[in-house]
Amino acid sequence: MPNTARTPAARAHGRPGLLIVDDDPLIADSLSFLLEADFDVVSHASRPAAVAWLREQATAPALALIDLGLPPCPHRPDEGYALIADLLAHSPDTRIVVLSGQGEDTVARHARALGATEFVAKPAQPQALNGLLRQLAQTRADAAPALPALIGDSEQMVRLRAQIEQYAGLPYPVLIEGESGTGKDIVANRLHAVVGRTHPFLALNCAAISPSLVEPTLFGHARGAFTGAQTARAGYFEDAAQGTLFLDEIGELPLDLQAKLLRVLENGEFQRVGETQLRRSSARIIAATNRDLGAEVRAGRFRSDLYHRLSVFTITLPPLRDMGDDRLRLLEHFRAQFCAQLGRPPFGLDAAAREAWLGYDFPGNVRELRNIVIRLATKHPGREVGRADLLSEFDPTASSQDGGSAEAGEGDLVTVATGHLRAGGFRLDARLHEWESAYIEAAMRMARGNVSAAARLLGIARTTLYHRMDAQGRDDGAGD
């Protein structure tokens, strides 16, 4: 199906931006017509088209309404799952609503764990959908202050605050490592602001910009340097001046640009694209990645000399599953914030739900926890949430979601299986394939692409994992 895009002729000032991604032109056009009175709507029919559009925008949309069944595999949710990751890589603050005909509970919960704020099954009531989107736009507009607090009293958080205080006043690069959703951008902001800097803080997500645009964006360009360069423009290094330049997802930087970045780090010198004049930058570099850059260096995908230049100081953010009772403190923080924004009384957790909360791994880390709190605040104002209602918000592919041993959840699994069989149309091979794929994906994420480590998590041999990944057609560019 050809790609289609529908963009309003004039963008109304003040309306929140809404990106719609659906390969059915009737649905996309109908949604655009119904929602354009309240939102600045743009629609695309595929993940590549949506990502290409995002990379051209100066600001990301406040909201995204996406289908999971997108080409080239419209009968599977994989492309939609990947689009959620793409959207959040470009803009972690974009609120994502999944509107999908693939309404199985496991699909919905996995989409939320990846970072979607809400899941709505097709067909949806237009008024209810509009109300949900307006509510999410409001919570985004009223989001936390510019310098969010680092919530928690665990040993990891105490150590993190000490590192920030120690490294904040220094001119040397800092490399921030951690899984997606752990708050690397917050740490970068605090490294810049904790000492009261008055110079700019600029951030560039290397995964959210076309590779061909990274160099002119970083270093600037002369007039006529390439098609569309009608005027000369300064790049991020010039604009940052003596401030801070935050390079998020640095592991996505192409190898040829890694050499040019290394030169700036070594002597502060660079050239605009299309110029021979040397310029200098005094910007401090903070980089972040959710990859294991050491493994990337060994695999030949990242320069060893650049890695050592960037990692003068390294901060490793802990995953939420390792932070103990801090998960309750984050719950309290976001509950107070979003209940106040929604003007609703706060919800509570009963004893069993509290135990389940502390036993859940939160594979999407703080981002997933925040979205769960938004949903609980919306669905259960002033109520005590029980274990069953809470488990319905968790990703079923995550471990320890019932707060106990594997045996403790056998009854829940039997209940889920019974529901699937009663619904009809069940195919065991397809279900086992889906679960195997989910576990492999989770293990590869936890191991940051290291196949040997992922195999250990799964309790299988490395060669067996390679065989199963090949059988599923996966090509993760993984290393050992």
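This is a predicted model: local features need pLDDT of at least 70, side-chain atom pairs count only at pLDDT 80 or more; totals for chains, interfaces and linings use all residues.
Student: How do you know which residues make the contact of α18 with α19?

Tutor: Contact means heavy atoms within 4.5 Å. By that rule α18 brings Y439, I440, A443, M444 and M446, and α19 brings V451, A454, L457 and L458.

Student: Why is α18 called oblique to α20?

Tutor: Helix α20 (residues 462–471) packs with α18 at an angle of about 125°, and their axes are 11 Å apart. That angle lies between the limits of 115 and 145 degrees, so α18 is oblique to α20. Here α18 passes α20 in a left-handed crossing.

Student: Which residues of α18 and α20 meet, and what are their classes?

Tutor: E436, I440 and M444 of α18 meet L465, R468 and M469 of α20. The contact of α18 with α20 has four nonpolar, no polar and two charged residues. Glu and Arg count as charged, so E436 and R468 are the charged residues here.

Student: What makes α2 roughly parallel to α3?

Tutor: Helix α2 (residues 47–56) and helix α3 (residues 78–90) pack at about 5°, with axes 10 Å apart. Angles under 35 degrees count as roughly parallel, so α2 is roughly parallel to α3.

Student: Which residues meet between α2 and α3?

Tutor: In α2 they are R47, P48, A50, V51, L54 and R55, and in α3 they are E79, A82, L83, D86, L87 and H90. This contact divides into seven nonpolar, one polar and four charged residues.

Student: How many cavities of 30 Å³ or more does the structure hold, and how much space lies in the largest?

Tutor: The structure holds one cavity of 30 Å³ or more. About 40 Å³ of space lies in the largest cavity.

Student: Which residues line the largest cavity?

Tutor: T117, E118, L132, Q135, L136, I374, R375 and T378. The elements giving two or more residues to this lining are α5 (126–141) and α15 (365–379). By class, the lining has three nonpolar, three polar and two charged residues.

Student: Which peptide bonds are cis, and what are their omega values?

Tutor: The bond from P71 to P72 is cis, with omega near 15°. The bond from K122 to P123 is cis too, with omega near -5°. P72 lies in the loop between β4 (63–66) and α3, while P123 lies in the loop between β6 (118–121) and α5.

Student: Why is the phi of A241 worth a remark?

Tutor: Most residues other than glycine have a negative phi. The phi of A241 is near 50°, a positive value in a residue other than glycine. A241 is found in the loop between α9 (236–240) and β9 (244–248).

Definitions and conventions. Residues are numbered from 1 along each chain as its sequence is written. Side-chain values use heavy atoms; hydrogens and water are left out. Helices (H or I, at least four residues) and strands (E, at least two) are DSSP runs, numbered from the N terminus. On a 1 Å grid over the protein atoms alone, a cavity is a set of points where a 1.4 Å probe fits but cannot get out, and a pocket is an open set with protein on both sides within 12 Å along at least five of seven lines; lining residues have an atom within 4 Å of a point. Grid points are joined across faces, edges and corners, and a volume is the space filled by probe spheres set on the points. Axes are lines fitted to C-alpha atoms, for helices over the stretch in contact, and angles run from 0 to 180 degrees between N-to-C directions. Angles under 35 degrees count as roughly parallel, over 145 as roughly antiparallel, 65 to 115 as roughly perpendicular and the rest as oblique. A crossing is left-handed if the near helix is turned anticlockwise from the far one by less than a right angle, and right-handed if clockwise.
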